[in-house]
Amino acid sequence: MRIEVSRRQMPSRAFAYLSPAIALALTMVLGAVVFMALGKSPTAALYSYFIEPLTETWSLHELLIKATPLILISVGLSVCYLSNNWNIGAEGQYLMGAVAGSAIPVLMPEFQSFITLPLMLLLAMAGGAAYAAIPAFLKTRFNTNEILTSLMLVYVAQLFVDWLVRGPWRNPQGFSFPGTITFNDYALLPEIFPASGRANFGILFALVAALLVWLMLRKTMKGFEIRVLGQNPRAGRFAGFSAAKMTFFAFLLSGALAGLAGIIEVAGAVQHLNEKLSAGYGFAAIIVVFLGRLNPAGAVVAGLVLALTYLGGEAAQISLQISDKSARVFQGMLLFLVLASDTLIHYRIRFVTSGAAAQEAN
Amino acid sequence: MGMFEAILLTVFAAATPLLLAAIGELVTERSGVLNLGVEGMMIMGAVAGFAFAQITGNPYLGALGGMVAGALFSLLFAFLAITLVTNQVATGLALTILGLGLSGLWGEAFIGVPGVKLTPIVIPLLSDIPLIGRLFFAQDILFYVSIALVFAVSWFLFKTKAGLILRSVGDSHGSAHALGINVARVRYLAVMFGGACAGLGGAHLSLVYTTQWIENMTAGRGWIALALVVFASWRPLRILLGAYLFGAITILQLHIQALNLSDLEFLPAPIYGLMSVLKSIPSQFLSSLPYLATIVVLVLISRNRRLTLINTPAMLGQGFVPDR
Amino acid sequence: MTGGSAATLLEVRGLTKIFGSLKANDSLDLKIGKGEIHALLGENGAGKSTLVKMLYGSLQPSSGEILWKGEPTVIRNPSTARTLGIGMVFQHFSLFESLTVADNIVLSLGAGHTLEQVARDAERLSAEYGLPLKADSHIGDLSVGERQRVEIVRCLLQDPELIILDEPTSVLTPQEAENLFVTLKRLRDEGRSILYISHRLEEVKVMCDRATILRHGRVVGECDPRQETAASLASLMVGSDVAEVRRKAADRAAGEVLLDIRGASLPPATPFSIALKDISMQVRAGEIVGIAGVAGNGQSELFNLVSGEVASRADAISMRGEAIGNLGINERRRKGAAFVPEERLGHGAVPGMTLTDNLLLARHASDTVAFQRLGRLGVIWSDMVTQATKRICDEMDVRKSAENPVASALSGGNLQKFIMGRELDRQPAVLIVNQPTWGVDAGAASRIRQALIDLAASGSAVLVISQDLDEIFEVCDRILVMHDGRIAEAGSAAEATREKIGLLMGGAHTERVADNATETGEGAHAH
């Protein structure tokens, strides 16, 4: 049997909505197979993965905490990928944003005011954007592949954070643990409902960012410019759009949002900067982007789904002794299946049996 | 064995996995397919290589297992990118993410388990040649394979009809299709060759370079291999140069980190001074050298737009759907 | 049905090819005799390419059969076709730019050919047929005409009995085409058959022994083209009478110079592009100036320079007396210029975007007030864009299957009408068009040409870049020729001859002819 694809005249609207659902369903089926292979009951495993985290309030709070950086980063990355700028170094921009924002409470612990937190957020966005400007500059000035440079900078950022929290920024009272001092109260993001869980106002930033970028993409010339340059740079030049300026715009925007995500994580849930900050959100956000079909509104839903896999991994480890590494397998499978399902939007797929080769073109 | 020779030996060991992964990716890219999943295929090769060596007790079967695992894993990418015409950049990333996840899950049982080492094959007589004997003729089999592969790939690409067909598909899949060349088949084979090489490179890490399983042990080597292909302007022999350059950078920074200043007091003052300055650099900065060097090298190569335009396979990264 | 006594080499019976709901070929019958040059005539989209691809094994028929020397044969793929003795000279997509001539030829041959031997044979054969070639040159460095020689030599090396040529002269100068005809006649005299695909009636009349005419996927006639007139062939091909382009016979008074290019030069942007050398020309109000030339001689580069997609010195280009050479494309649009590039899909329009989006593509800056709201926020006023799109589609009679389809869903002719209408809708003072009717059906082509003439008549300056000499003679007042990045004057449309233009296109005597041409050109101006 052979698989033959042919281009559709018009992209299918139905599959544009269906494909993420198909991918999610297939992931669950494959996941069940993996759990069976590990000798676990697939129904129990899927339950603890996808249902159990939703049954308790504190856990819903955790879901929002995990979803916040995923949504923020993926909203920025959507703009990058739509405009054909392959920033895969969001993890590094997230770290550098966290570092830049943390500079205030770490270096000036006495500076305690109502503008401390807003300043930290702004500084974090500037830090993330500045770090993202490096691959943008190298791409526009020297024609250097942004995929490789932005990724290399992730490793550099991880090592830089490691040096900071073990070296100059280490908490002198922290025994031998790497990490900065705990931030003062003015430098912490307030929680929304402290009574029921830890979720902080970061999720609101994520939702507002998603809404604004959605409006930009949907309604404005800037959004049009992003789509044109992404699909067809030459037609973009004909329209008078500058691909180089767009590269900077996309990288700076996504870098700023990743940086914001970084400081929200530090000033929210963790409350100090440590070497474990790099949790792979920058890479998981890539999955969110595609699951959300490069649409900020989709990214909100997809961000929650991905956050669920993180929590589900932990839940499954506790209740079923399945390694939490299974979460990353889930995430990888999900991206694969999303990409495969997206083919249905632009192509018709037919299965051709080899026996019918002679009349195959009927 | 002098210190200099010892350092060179470790440089060779660090270069071999890069060389293997890069030469495979070069063939893949020459067919017009950009597979960013090298990191994922390498790590699958590393864990599979370790696992098969454990199960069979034979490191050669381990290496073979790593190679097969890399090739099979690359099939996932090939099916999406070639048959389903998905975006190659995104699909390659997916392969890397999935590979890192799967290897982590599979390798959990191997953490802390001592590995089976692929021992050097000492070639009699030749290995006794002063200076170069030990370097070139007392190495593990993967070293010999990696060097042979570079020359074999060069010969294949530029001296055989099959190589010409592969290059033609990378230059214009439409023309190749019009001539009756099966574009998809050529690309499947090229991707699988790349996967096998990356798997072998990964197996080298877990069977020679460290002889144990560590999660994420590839540490970006797959990405550096991708950069090496650009550095080499898609020419096999230049990969050799690039891989050894990066091997040297990786090793030198490790040696500086491990330097014991009290052993060096015999050196003349200026050199000793330089060494103590290097030694005072925090280890994290030294560790980031290979990544920074990758960026520098990419900038130097790609700033010459004309050169890159001529050498880049014209179809790189573009899917092919035969039209009417 | 079978004209002449020649034995039949290839016969096609009831051949049908269906794509989805479209019958690209509808039970075709065709017979090609041994040693004849058989023309396959038809408009774009008539089904010629589909038929040819089935004969060469790139496509499989939905039904019907192919008989080779009387035997029913399944041509599974191109290599089966080559083994049978069918060779093909493609119009597009068949050479590898980064490979050498010899590499390209080896790729099309079966096993057992060494590169050295193929290189020797190719050079010998090319010398023998008057198609000079060097086996070690890279395709990327060759001109379009030379590339075609590679295709032909590649085909001849397989010693084919049937040679299929797809629109071979569309890329050649008239002189090059003459040489090709000599080669083809010689091949016929050797006993080979030739299937010659074209929509150029004159050359079919001169060259071919028989003709089969396709329309809408069906055979609508078979004839001896030597017995027909161009007009009778055309009406068979097109079906109905195509509106003749009307232009006023009276000389228009030359208006003021609206577009003025002085000494513009441009280094090549990529290794495969052409440098522009000291380009100077003027286009006056009410005038259509045509630039003839073989593709790949700097036409696209010139277009990019004039459109502002590539910047130059400020005073290299002026529009209505104002230096604009350093301005971007949108600033030039705001000053009254409009541009229609050669490539419809991928330059003039984004294939995957709808018509309304593609309207915005070219008009967002020149019509900011009409299409955008809320100032700097730049919110798209979609109602207005939709209205304008509808207006343009009505005006230019754009046929589409949905209210607002994506550009790639339109046929070539309809998309070109839309793109042309998008620019004409603004009443531009200066219009620059590259290949206005390339690959467009006759009805759309005549409409587009009429629109160009009407625009000039209303007082605009129009610059038409075209490979199609017939089109140039049909619409232009004055003719320039482009060769190797230079421009030469050929004089007014009334004075210029095909021979002279052909020589200039070939660049054979650029200096001498150019000198004469400038004199006559100036004479015409003074007149």
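This is a predicted model: local features need pLDDT of at least 70, side-chain atom pairs count only at pLDDT 80 or more; totals for chains, interfaces and linings use all residues.
Reader: How many nonpolar residues does the contact of helix 11 of chain C with helix 13 of chain C have?

Author: Sort the residues by class. No charged residue takes part in the contact of helix 11 with helix 13 of chain C. Three of the residues are polar. The nonpolar ones number five.

Reader: Are helix 11 and helix 13 of chain C roughly parallel or roughly perpendicular to each other?

Author: Helix 11 covers residues 355-363 of chain C, and helix 13 covers residues 382-396. Their axes come within 9 Å and cross at roughly 95°. Angles of 65 to 115 degrees count as roughly perpendicular. Helix 11 and helix 13 of chain C are therefore roughly perpendicular.

Reader: Now chain B. Are helix 2 and helix 4 of chain B roughly parallel or roughly perpendicular to each other?

Author: Helix 2 spans residues 38-56 of chain B and helix 4 spans residues 88-107. Their axes lie 7 Å apart, at an angle of about 20°. An angle under 35 degrees counts as roughly parallel. That is why the description of helix 2 and helix 4 of chain B is roughly parallel.

Reader: In which hand does helix 2 of chain B pass helix 4 of chain B, and which residues make the contact?

Author: The crossing of helix 2 and helix 4 of chain B is left-handed. Helix 4 of chain B contributes B:Leu95, B:Thr96, B:Leu98, B:Gly99, B:Leu100, B:Leu102, B:Ser103, B:Trp106 and B:Gly107. Helix 2 of chain B contributes B:Glu39, B:Gly40, B:Met41, B:Ile43, B:Met44, B:Ala46, B:Val47 and B:Ala51.

Reader: How many nonpolar residues does the contact of helix 2 with helix 4 of chain B have?

Author: One residue in the contact of helix 2 with helix 4 of chain B is charged. Five are polar. The nonpolar count is 11.

Reader: In which hand does helix 3 of chain A pass helix 11 of chain A?

Author: Helix 3 (residues 57-82) and helix 11 (residues 281-291) of chain A pack at about 60°. Their axes are 8 Å apart. The crossing of helix 3 and helix 11 of chain A is right-handed.

Reader: Which helix of chain B gives the most to the side that touches chain A?

Author: 42 residues of chain B are in contact with 41 residues of chain A. Helices supplying at least two residues of this side of chain B include helix 3 (59-83), helix 10 (221-231) and helix 14 (289-302). The most, 12 residues, comes from helix 4 of chain B.

Reader: And which helix of chain B gives the most to the side that touches chain C?

Author: Here the contact takes 17 residues from chain B and 21 from chain C. Helix 7 (161-171), helix 8 (173-178) and helix 15 of chain B each supply at least two residues of that side. The most, six residues, comes from helix 7 of chain B.

Reader: Which helix supplies the largest share of the side of domain 1 of chain C that touches domain 2 of chain C?

Author: The domain assignment gives domain 1 as 8-238 and domain 2 as 242-336 + 428-527 in chain C. 15 residues of domain 1 of chain C are in contact with 14 of domain 2. Helix 5 (144-156) and helix 6 (174-189) of chain C each supply at least two residues of the domain 1 side. The largest share, three residues, comes from helix 6 of chain C.

Definitions and conventions. Residues are numbered from 1 along each chain as its sequence is written. Chains are lettered from A and ligands numbered from 1 in the order in which they are written. Axes are lines fitted to C-alpha atoms, for helices over the stretch in contact, and angles run from 0 to 180 degrees between N-to-C directions. Helices (H or I, at least four residues) and strands (E, at least two) are DSSP runs, numbered from the N terminus. Angles under 35 degrees count as roughly parallel, over 145 as roughly antiparallel, 65 to 115 as roughly perpendicular and the rest as oblique. A crossing is left-handed if the near helix is turned anticlockwise from the far one by less than a right angle, and right-handed if clockwise. Two residues are in contact if their C-beta atoms, placed from the backbone, lie within 7 Å. Ala, Val, Leu, Ile, Met, Phe, Trp, Tyr, Cys and Pro count as nonpolar, Asp, Glu, Lys and Arg as charged, and the others, Gly among them, as polar. Domain bounds come from an automatic or database domain assignment.
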